Amino acid sequence: MSTSEQLPRVLYVDDEENVLHGVRRQQRKFFDLTTSADPRAALEIIEKDPSFSVIVSDFDMPHLDGIAFLQRARELAPDTTRIMLTGKADLNAATRASQRRTAPRDRNVQPLCQRGSRPPRQRLTPSSPYTN
């Protein structure tokens, strides 16, 4: 079994190439990472192989926003964990996502940190208590 087969598979979708480059650089040792700058292309990737552990999407993307993308991803890969990230402090968008059932029903959608506070500095790795 190769190293990439032992790592959790993660699909990361963001229209900003610099973000994708940083994610690849920081996470390639911890995850079998696939990236896409186009949400439509990412849906094709999921259609061909829906066996991702996690799908991470930016909210604000051209052609298809993160809510619509994750809603379609849920149809294609219903058992995959879906995460929407945004650089904008838009709790309304997160609320809309949860109301459309792109987020699990039994979890509250909340920002990771409030404006003026510092986010937690914990690296998410396959052995982290925050992963399945």
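Guide: Welcome! Let's start with Thr80, which lies in the loop between α4 and β4 (81-85). Please keep in mind that this is a predicted model.

Visitor: Why does Thr80 count as buried?

Guide: Its relative accessibility is 6%, and buried means under 20%, so Thr80 counts as buried.

Visitor: Which residues does Thr80 touch, leaving aside those up to four places away in sequence?

Guide: Thr80 touches Pro50, Phe52, Ser53, Val54 and Ile55.

Visitor: Now the helices: why are α3 and α4 called roughly parallel?

Guide: α3 and helix α4 (residues 66-76) pack at an angle of about 10°. Angles under 35 degrees count as roughly parallel, and therefore the two helices α3 and α4 get that description. Their axes are 10 Å apart.

Visitor: Which residues make the contact?

Guide: From α3 come Pro39, Ala42, Leu43, Ile46 and Glu47, and from α4 come Phe69, Arg72, Ala73 and Leu76. These divide into seven nonpolar, no polar and two charged residues.

Visitor: How do you know where in the protein chain confidence is highest and lowest?

Guide: By the mean pLDDT: helix α3 (residues 39-48) is highest, at 98, and helix α1 (residues 3-6) is lowest, at 60. For residues 102-123 the pLDDT is below 50, and this stretch has 22 contacts in the model beyond near neighbours in sequence.

Key:
Residues are numbered from 1 along each chain as its sequence is written. This is a predicted model: local features need pLDDT of at least 70, side-chain atom pairs count only at pLDDT 80 or more; totals for chains, interfaces and linings use all residues. Side-chain values use heavy atoms; hydrogens and water are left out. pLDDT is the predictor's confidence in each residue, from 0 to 100. Helices (H or I, at least four residues) and strands (E, at least two) are DSSP runs, numbered from the N terminus. Contact means heavy atoms within 4.5 Å. Axes are lines fitted to C-alpha atoms, for helices over the stretch in contact, and angles run from 0 to 180 degrees between N-to-C directions. Angles under 35 degrees count as roughly parallel, over 145 as roughly antiparallel, 65 to 115 as roughly perpendicular and the rest as oblique. Ala, Val, Leu, Ile, Met, Phe, Trp, Tyr, Cys and Pro count as nonpolar, Asp, Glu, Lys and Arg as charged, and the others, Gly among them, as polar. Buried means under 20% relative accessible area, exposed over 50%, partly exposed in between (1.4 Å probe, protein chains only).
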